[in-house]
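Hello,

Here is the structure we talked about. Please open it alongside this note; my findings follow below.

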Amino acid sequence: MSIGFQIFKRERKASDELIEAFTGLPVANVSDSMNRVFAAGPTLRPMHASGAMIGSAITVKSRPGDNLMLHKAIDMAEPGDVIVVDAGGDLSNALMGELMLAHAINRGVAGFVLNGAIRDLDAFVETNLPTFAAGVTHRGPYKDGPGEVNVAVSIDGMVINPGDIVIGDCDGVLAVPLEHAEAILASTMEKQDKEVKQMATIKAGTNDRSWVDVALKEKGCKFPE
């Protein structure tokens with residue numbers, strides 16, 4: 001038995017057309033279209049300078065502070081992939097730094113989601129490869145394993161499967177289950193359209209705010225005489 005120390009092929013991934021359709025959509029609006037109950041946690045923050053992230057997930061389950069399987073995942077990555085690592089959120093040792101980042105860029109990796117720490121922060125800012133991590137430390141990683149590649153992982157209760165669409169912006173990270181991606185996309189596009197129209201009324205000063213008092217009255221709120 002090699003449970004806990006094994007590597008799988010990814011059996012599915014999003015089409016280029018589906019990735020393109022999600023590109024540029026705010027994470028917040030996609031999250032709303034998933035009923036606001038999915039998130040990779042508020043501790044995962046951007047470590048790059050600016051910009052959004054999107055790609056198909058390669059997943060890694062790693063012992064805290066160990067990056068052996070992360071090295072393998074980078075070697076396996078296809079251009080446009082996002083590598084998602086569940087390392088338990090431990091910040092004692094960095095999972096990757098400048099050298100691994102450079103190798104990943106050469107491989108065409110589109111971004112990283114690391115439930116753990118990085119080091120060489122300046123390199124992440126300068127190269128601006130979208131990277132979301134839980135923290136920063138100068139202490140380097142171990143390379144012993146165990147770990148697994150392309151298995152279901154969970155970060156702060158959100159499950160990410162290999163091939164899911166992973167998106168990130170300044171609000172955080174979200175995984176869109178591939179089997180529901182088309183429906184989530186349609187719902188998000190509908191929400192986007194409504195928000196564009198709402199913003200237009202706000203700028204014009206014609207937005208209807210009567211709903212606020214209605215909601216307060218329904219809750220029995222006392223108003224000033």
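A charge counts as sitting over a ring if NZ of Lys or CZ of Arg is within 6 Å of the ring centre and within 35 degrees of the ring normal. Lys217 meets this with Phe223: the lysine lies over the ring face, 5.8 Å from the ring centre.

Before you read on, this is a predicted model: local features need pLDDT of at least 70, side-chain atom pairs need 80 or more, and totals for chains, interfaces and linings use all residues. Numbering runs from 1 along each chain as its sequence is written, and side-chain values use heavy atoms, without hydrogens or water.

Now the domains. The assignment, which is automatic or from a database, gives domain 1 (6-180) and domain 2 (188-219). Their C-alpha centres are 35 Å apart. Contact (heavy atoms within 4.5 Å) involves 6 residues of domain 1 and 5 residues of domain 2.

The two domains bury about 520 Å² between them (accessible area lost on being put together, 1.4 Å probe, summed over both). Carbon and sulfur atoms account for 54% of that. On the domain 1 side, Leu25, Asn29 and Ser33 supply 74% of the area buried against domain 2.

The interface also has 1 salt bridge (side-chain nitrogen of Lys or Arg within 4 Å of a carboxyl oxygen of Asp or Glu). Separately, Asp32 forms a salt bridge with Lys191, with the closest N and O atoms 3.3 Å apart.

Best wishes
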